[in-house]
Amino acid sequence: MPYPIEHKLVIGIASSALFDLTASHQVYLEHGPEAYRKYQEEQLATVLDKGVAFPFIRRFLSINQHHPQTAPVEVVLFSRNSPETGLRVMNSIAHYGLDISRACFLTGQSPYTYLPAFNTSLFLSANEEDVRNALAAHYPAGLVLPSRTEDDEADGELRIAFDFDGVIADDESETIFKRNNDVGEFHAHESARVAIPHQPGPLADLFRKLSAMQQLEEDAQRDDPSYKKILRIAIITARSAPSHERVVTTLKSWGVSANETFFLGGMEKARVLSIFKPHMFFDDQLSHLQSPAGNIPMVHIPFGVANR
């Protein structure tokens, strides 16, 4: 039997992150909600173009195809639309064959208050206000930044990259660094607390549950050596030795790990990202969310001292 939703890894997605709503949003801004409603009704049969998060969501849902007996993941649509104006979104979901059946339509209201009702480990939106409100309420959320959408359907792997401080872990150590912008002070703080795990950050639950998905894949490969794993997870942090050790301490205490971990010591993250090619990269600092080619999906986590 499939897992009940309280045991699933659930991602909440706003239509603004899943599809390109540039044209319809412009109608709303220029002419108001009634013109927007009429526009969406007239365009009901026109399929929306893929948005920045589409390749990530498509691959994430494919986990269920590899584990049909348990179906351990789910995506829920959270929308400011009414059910009537949201029909075009639901039709587009059906057109692309995305297995999304649950949806919340809030008719102009922010949907973030309903995230815990669906056991949501991540809420992705292109609406900054919704994301900041969710994080302020201690719900996991990320702002999907504009980028060029690329979806190679021949590539079945799902690659996810995370910053560490302010994303997986709390911003305790980042607060120490930001106080005087002193790397030496930061390293001394981390060395003195090397045996003390960090408190969880906004995406810690997501990271833990992705690690559980990887264990499912390990089990599947043990039972069937021909099973091809889907998930690859990377941590890409500006830390370097000696502050790297507390990262290891923290992950070990949680019983999780990444496939690849990079301690870059302030080097540009784009140098690694351009090789790893994640379908989503999460970072709390906008200065790190840059791709020279503009083709890496980036998500800003506006959390902690770096965003005050």
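The chain splits into domain 1 (5-145) and domain 2 (158-300), with bounds that come from an automatic or database domain assignment. This is a predicted model, so to speak of local features needs pLDDT of at least 70, side-chain atom pairs count only at pLDDT 80 or more, and totals for chains, interfaces and linings use all residues. Residues are numbered from 1 along each chain as its sequence is written, and side-chain values use heavy atoms, with hydrogens and water left out.

Back to the two domains: their centres, taken over C-alpha atoms, are 26 Å apart. Domain 1 puts 25 residues into the contact and domain 2 puts in 24 residues, where contact means heavy atoms within 4.5 Å.

Now for the sheet. Ten strands form an open sheet with mixed pairing, in the order β3-β2-β1-β4-β5-β10-β9-β6-β7-β8. At the edges sit β3 (102-105) and β8 (260-263), each pairing on one side only. Neighbouring strands here are turned by 25° against each other on average, direction ignored. Axes are lines fitted to C-alpha atoms, for helices over the stretch in contact, and angles run from 0 to 180 degrees between N-to-C directions.

Take β9 (residues 280-283) and β10 (residues 298-300), which pair in the parallel sense over three bridges. F282 has V299 of β10 as its bridge partner. Helix α6 (residues 128-136) packs on this sheet, touching β4 (120-125), β5 (141-144) and β10, and its direction makes about 160° with that of β5.

Next, the pockets:

| Pocket | Volume | Lining by class |
|---|---|---|
| Largest | about 930 Å³ | 15 nonpolar, 14 polar, six charged residues |

On a 1 Å grid over the protein atoms alone, a pocket is an open set of points with protein on both sides within 12 Å along at least five of seven lines, and lining residues have an atom within 4 Å of a point. Grid points are joined across faces, edges and corners, and a volume is the space filled by probe spheres (1.4 Å) set on the points. In the classes, Ala, Val, Leu, Ile, Met, Phe, Trp, Tyr, Cys and Pro count as nonpolar, Asp, Glu, Lys and Arg as charged, and the others, Gly among them, as polar.

The largest pocket is lined by 35 residues, and S15, S16, L21, H25 and Y36 are the closest to its centre. Helix α2 gives the largest share of that lining, four residues. For the second largest pocket, 24 residues form the lining, with A238, R239, G266, Q285 and H288 nearest the centre; α7 (172-180) and α8 (183-192) each supply at least two of the lining residues.

Most residues other than glycine have a negative phi, and most peptide bonds are trans. Yet A241 and P242 are joined by a cis peptide bond, with omega about 10°, and P242 lies in the loop between β7 (231-237) and α10 (244-254). N119, in the loop between β3 and β4, has a positive phi near 60°.

How values were computed: Two strands pair if DSSP finds at least two bridges between them.
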